Amino acid sequence: MTKVLVLYYSSYGHVEALAQAVAEGAREAGALADVKRVPELVPEHVARKAGYKTLQPAGAASVSELPNYDAIVIGTPTRFGNMAAQMKNFLDQCGGLWAEDKLVGKVGSVFTSTGSQHGGQESTLLATHTVLLHLGMVVVGLPYSFKGQLRMDAITGGTPYGASTLADDGSGGDRQPSENELQGARFQGAHVARLAAALAGHPVGRSL
């Protein structure tokens, strides 16, 4: 069975929600999908004061387990147009895997969250793609066969580089991922799972 790791960092739960949707899509396509998070770097008392979602059910990932998967889908919020430090710190520990070509040929994909419509979604996704390419992975985005990307009747995330969501309602309040954004994440998860299965020579599950 094709194995997909949904590896994420989430401060307030928005990326976490997308991570669960990505995993749902991968499972719908017939893959085994694990959802794990990267370790927090912010001191606990600081995180609590900032209102971080400190209790998340996903277990912590380790760099050593990454080669066990056929595909890795990374979820990270945007920090000034780039991935969060927590995710970069984790990926920076992959030097040993890089040296031994452990991730070459595996599928890599990315999704993100920003606080505004133009808050760096695409730059974050593309910057993370660069890391995946250095590791030798086959980069997969969110194709336009997901027609939710073409919607003009609502404010929504979703780019050809990966699924995304908007975390701010425009007035500084919390906005949870919309159904269209969650559908994009599910589509991406299924798309990744099918491609990973094909590359690994596994039976391919049905389309969403």
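The lining of the second largest pocket comprises 6 nonpolar, 11 polar and 3 charged residues, where Ala, Val, Leu, Ile, Met, Phe, Trp, Tyr, Cys and Pro count as nonpolar, Asp, Glu, Lys and Arg as charged, and the others, Gly among them, as polar. The model is predicted, with local features requiring pLDDT of at least 70 and side-chain atom pairs pLDDT 80 or more, whereas totals for chains, interfaces and linings use all residues. Residues are numbered from 1 along each chain as its sequence is written, and side-chain values use heavy atoms, leaving out hydrogens and water.

The second largest pocket holds about 290 Å³ of space. Of the 20 residues that line this pocket, Tyr 12, Pro 77, Arg 79, Ser 113 and Ala 167 are the closest to its centre. A pocket is here an open set of points on a 1 Å grid over the protein atoms alone, where a 1.4 Å probe fits, with protein on both sides within 12 Å along at least five of seven lines; lining residues have an atom within 4 Å of a point. Grid points are joined across faces, edges and corners, and the volume is the space filled by probe spheres set on them. Helix α1 and strands β4 (71-79) and β6 (107-114) each supply at least two lining residues, and the largest share, 3 residues, comes from β4. Helices (H or I, at least four residues) and strands (E, at least two) are DSSP runs, numbered from the N terminus.

The largest pocket has a volume of about 400 Å³. Its lining has 19 residues, of which Gln 117, Gln 121, Thr 156, Gly 157 and Gly 158 are the closest to the centre. By class, this lining divides into 7 nonpolar, 10 polar and 2 charged residues.

Helix α1 spans residues 14-28 and includes Glu 16. Glu 16 counts as buried because its relative accessibility is 6%, buried meaning under 20% relative accessible area with a 1.4 Å probe and protein chains only. Beyond residues up to four places away in sequence, Glu 16 touches Tyr 8, Ser 10, Lys 53, Gln 56 and Pro 57, a contact being heavy atoms within 4.5 Å.

Strand β1 (residues 3-8) is mostly covered, with 5 of its 6 residues buried. β1 runs parallel to strand β2 (residues 32-37), and 6 bridges join the two; pairing requires at least two DSSP bridges. Within this pair, Leu 5 stands opposite Asp 34 in β2.

Technical notes: Buried < 20%, exposed > 50% of the residue type's maximum accessible area, 1.4 Å probe, protein only.
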